[in-house]
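Open the model in your viewer and keep the sequence beside it. We will select a few stretches, one stop at a time.

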Amino acid sequence: MAKHWALAILLVSLFAIPLVHAAAYPDPNQAPRYFSSACASVNRHFVFDFIVIMDAQDAQTTEAELCLLYNQTAAHEVLVLVPGLGGESLEGYATHLFSAWGIGSKTVNDGLLVLYVVDDGNGAGALRIEVGYGLEPTV
């Protein structure tokens, strides 16, 4: 009987851990604003400013440049700005966000995430770049 309870607790904890982490990530479909580019017509965006700190013109220019890069190389570079890490480490948050959002092609793994966090949990801002294996030789 005790083995059944131990197994049940183990299974619940294994399934609950990913749900806790997933809740901390912003939804790319819920960004406060999007910027137009040639890629927007196919619902592909590259700038996700969840803290609304980027100047609209700078964000628009960045969106257009990343769209152009995507159209020329198929490399999917994404800029994400968030208020905090939800208790996770910077590296862990970036890795999980990269995976949760499916940045880059699954077959080529050519995604690149530039993550800016206002408060890294220590009262400081932080920047992290996460690179897919397919882009590592290039970057």
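Start with D49, which stands opposite L81 in β2. Strands here are DSSP runs (E, at least two residues), and helices are runs of H or I of at least four, both numbered from the N terminus. Two strands pair if DSSP finds at least two bridges between them. β1 and β2 run parallel and are joined by three bridges.

Before moving on, know what you are looking at. This is a predicted model, where local features need pLDDT of at least 70, side-chain atom pairs count only at pLDDT 80 or more, and totals for chains, interfaces and linings use all residues. Residues are numbered from 1 along each chain as its sequence is written, and side-chain values use heavy atoms, with hydrogens and water left out.

Next, select I53. Find it in the loop between β1 and α2 (56-73). Which residues does I53 contact, leaving aside its neighbours within four places in sequence? They are R33, L81 and Y116; contact means heavy atoms within 4.5 Å. I53 and L81 are 28 residues apart in sequence, yet their C-alpha atoms are 8.4 Å apart in space.

Now select β2 (residues 76-84) and β3 (residues 111-119). They pair in the parallel sense over eight bridges. Look for V82 opposite V117 in β3. Then look for V78 opposite L113 in β3.

Stay on L113. Its bridge partner in β4 is E130. β3 and β4 run antiparallel, with six bridges. They form a hairpin with six residues between them. Click on G121 in the turn: its phi is positive, about 100°.

Four strands make an open sheet in the order β1-β2-β3-β4, with mixed pairing. β1 (47-49) and β4 (126-131) are at the edges with a single partner strand each, so one side of each has no neighbour in the sheet. Strands of a sheet pair through backbone hydrogen bonds, either parallel or antiparallel.

Turn to the largest pocket. Its volume is about 240 Å³. A pocket is an open set of points on a 1 Å grid over the protein atoms alone, where a 1.4 Å probe fits, with protein on both sides within 12 Å along at least five of seven lines; lining residues have an atom within 4 Å of a point. The volume is the space filled by probe spheres set on the points, which are joined across faces, edges and corners. Select some of the lining, including Y34, H45, F48, V78 and W101.

Finally, colour by pLDDT, the predictor's confidence in each residue, from 0 to 100. The protein averages 83, and 83% of the residues score at least 70. Over residues 3-23 the pLDDT is below 50.
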